[in-house]
Amino acid sequence: MKQYNVTGMSCAACSARVEKAVSKVEGVTGCSVSLLTNSMGVEGSAKDSEIIAAVEAAGYGASVKGAESAQATSSGEDALEDRATPALKRRLWWSLGFLVVLMYFSMGHMMWGWPLPPYFDGNHVAMGLVQLLLTAIIMVINQKFFISGFRGLIHRAPNMDTLVALGAGAAFVYSTYALFAMTTAQVAGDADAVMAYMHEFYFESAGMILTLITVGKMLEARSKGRTTDALKSLMKLAPKTATVVRDGQEQVVPIAQVKKGDVFVVRPGENIPVDGVVLEGQTAVNEAALTGESIPVDKEIGDRISAATINQSGFIKCEATRVGEDTTLSQIIKMVSDAAATKAPIAKVADKVSGVFVPAVISIAVVSFIVWMLVGQTVGYALARAISVLVISCPCALGLATPVAIMVGNGVGAKHGVLFKTAVSLEEAGKTQIVALDKTGTITSGEPKVTDVLPAKGVTEAELLRAAAALEQKSEHPLAKAVLEYAREQRTDIPEVENFHALPGSGLAATLDGAELSGGNLKFIGNQAEITDEMRSASEALAEQGKTPLFFCRGGRLIGVIAVADVIKADSPQAVKELQNMGVRVVMLTGDNERTARSIGRQAGVDEVIAGVLPDGKESVIRSLKQQGKVAMVGDGINDAPALTSADVGIAIGAGTDVAIDAADVVLMKSRLSDVPAAIRLSRATLKNIHENLFWAFIYNTLGIPLAAGAFIHLFGWQLNPMFGAAAMSLSSFCVVTNALRLNLFDIHSSRHDRKIKTRRHQKEEKKMEKTMKIEGMMCGHCEARVKKTLEGIEGVTEAKVSHKDGTAIVTLSAPVADEVLRKAVEDQDYKVLSIG
């Protein structure tokens, strides 16, 4: 998506007009215009010049948006700087100054007899001329309404400014006519006519309308400026300089001059300038700016560091790996900015209304004027009703209802390390009915840990750890690293072994203190030492829990068992429980065997476990889950990317691979599963806020326009002065933006207000059929996975549960599949099908 700046837009009708004009350009496949940020995102192959020409032909200005980089010294912050509020504030003060004088002459003297200079005694024409002059000055100060409004009218794209310009202009023109008619009456000596025309002056209404609308515009601009506070605070975190090492000397250079591969140093208390990897030193880094996590993270040689985080304790030397727009901070800023430039599906309703809103309002105003004239009212009375209709109508409230809530919601998410890439993902996340969790790295830590140490009779735990660590320290296996890490945590003295050799698929062997030392699986050690029934049953119990028992023997005698497992993250069970309390069904996907998977599933508390899923089979599982409701997939690896893309909402764990992050719609920077319910919670709160905004915007206009037109005068005696109409219009947009800002107070981690959503199934549940196949020749988990992949590749097969122990495959079908098709597919893989029932 390419982004452009758009100038001249004042309301939702403007953004709808620009969107419509650009969408017609050949080569444009998608276009979304944000009134909030005055920006436009365009997808397709159209040239910049053609897009800009289309915008200009519609009566607005456009330019290509410069690449916003957190590393640029000013461009990013300048783009978000609130320039509108100071300009509107100056306009407002000048307008108020002249309005006070105007109101003194028109209302103060006429209604309350406030004193005037002797020159004006009985000189009604002079008073009228002063009011005309003061109103004209206010109109010049607020000329932007007239320029934008009439330009829109000329381009047949009337907007909110058109309504204001027509309302204030009509009041001014009619009052000027009344002034000249009064002058003629005064020359003719007709005192009654002079006083009658004095009461036909609407100069103060014209001045008040423009001033009140400016008040509303200023409040709106100020509130809109606050919606990007989260983004601006991120940009301010980016350091402006870096201390790099060149030719052995430290040099302080502007951040833009740091290149990939440069070596830089960071002292305690300094911000880290770019993303990199630690070459020398140890420290604790505060990553709150990126993840929202206040606890510092320890960093040592080889660890990655990110721009804008704070080095708290030690001196470190690092190598730059990502600079400029590639840093993590820049990517976060880009994600939030892109999300603001996209449009949520719910916004399309308001856009359709806004597109026809202003012409409809002008038509209603004209009809109101004609009807009141036909029933015998004066021109002034009929004009007041028409002006009230024009100035109370507010397409801005409709147009801002969605984008301000989306922007604030994105900002709140960014502060807590939850990044929504688009407005669509922010809206859709809250509608999730099923969450599919990848096991490794998502529910579990993804790194094996020692869970149990069982020394044999006559052997101490320290002796077992010493021997095991000595043997494993020369192995590169992940399980070996887990044993070594645990031994170091226990401050175990680890001796050197001799004659080390690894036996692939079985275990390790070496010599320690002259004795043969071996470690490995039950079968390998069972051939070298006697394993007691007690130890055998203990190891089977560990295996039942999804743990891997490692057996160790020395000198032909068993010395004990150490169990290793990929343990679940501390917050996983609570996160699963929160999801379930929100009415979301939690499914765990894993390539592990059924026994290990069910053990992890029980610990995490998930609703369903789907085991034996190959990397390329996750996507088909997600497809079948989507038939049951809206699915969010949570993963972290390259093999999760297809499933993340296939799901209704893809959620990537931030510590995962770049491929997974690119494929996802939502990115969790903290890599904590508890942020999944937080993301859904924030989405629901944002959607609720949008519904509130749209409701009040529609209700305001539904009730306000008939009231202004005088529909309730004969029923209830309700009559609306144009000035109060202008005040109501000003406050409507301000109220919508202020309501959206309430999201800043929302606690995304609090489950106090969680509710189970009511869902409607839009698809009829498919009739599912099951067939059980008896298969001969499957020997291991690899055989299971091969048969499963083959069966699930057949059209009409939604799932296959395969067990090599039972020699069965239970096939779930969504459409009839012939037995011969199933049989041939399995036998082509060199397995024999005994029966299908």
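Valine 676 touches Val435, Leu579, Val634, Ile651 and Leu668, leaving aside residues up to four places away in sequence; contact means heavy atoms within 4.5 Å. This is a predicted model, in which local features need pLDDT of at least 70 and side-chain atom pairs count only at pLDDT 80 or more, while totals for chains, interfaces and linings use all residues. Residues are numbered from 1 along each chain as its sequence is written, and side-chain values use heavy atoms, with hydrogens and water left out.

Val676, Val435 and Ile443 have the most contacts inside the largest nonpolar core, which has 50 residues. A nonpolar core is a set of buried Ala, Val, Leu, Ile, Met, Phe, Trp, Tyr and Cys residues joined through side-chain atoms within 4.5 Å. Buried means under 20% relative accessible area (1.4 Å probe, protein chains only). Helix H27 (residues 675–709) gives the most to this core, with eight residues. A second, separate core has 35 residues, including Phe552, Leu558, Val561 and Val564.

Helices (H or I, at least four residues) and strands (E, at least two) are DSSP runs, numbered from the N terminus. The protein chain has 31 helices and 30 strands, and 55% of its 837 residues are buried.

Helix H14 covers residues 379–392. Because 13 of its 14 residues are buried, H14 is largely enclosed by the rest of the structure.

Technical notes. The expected span of a helix is 1.5 Å times one less than its number of residues.
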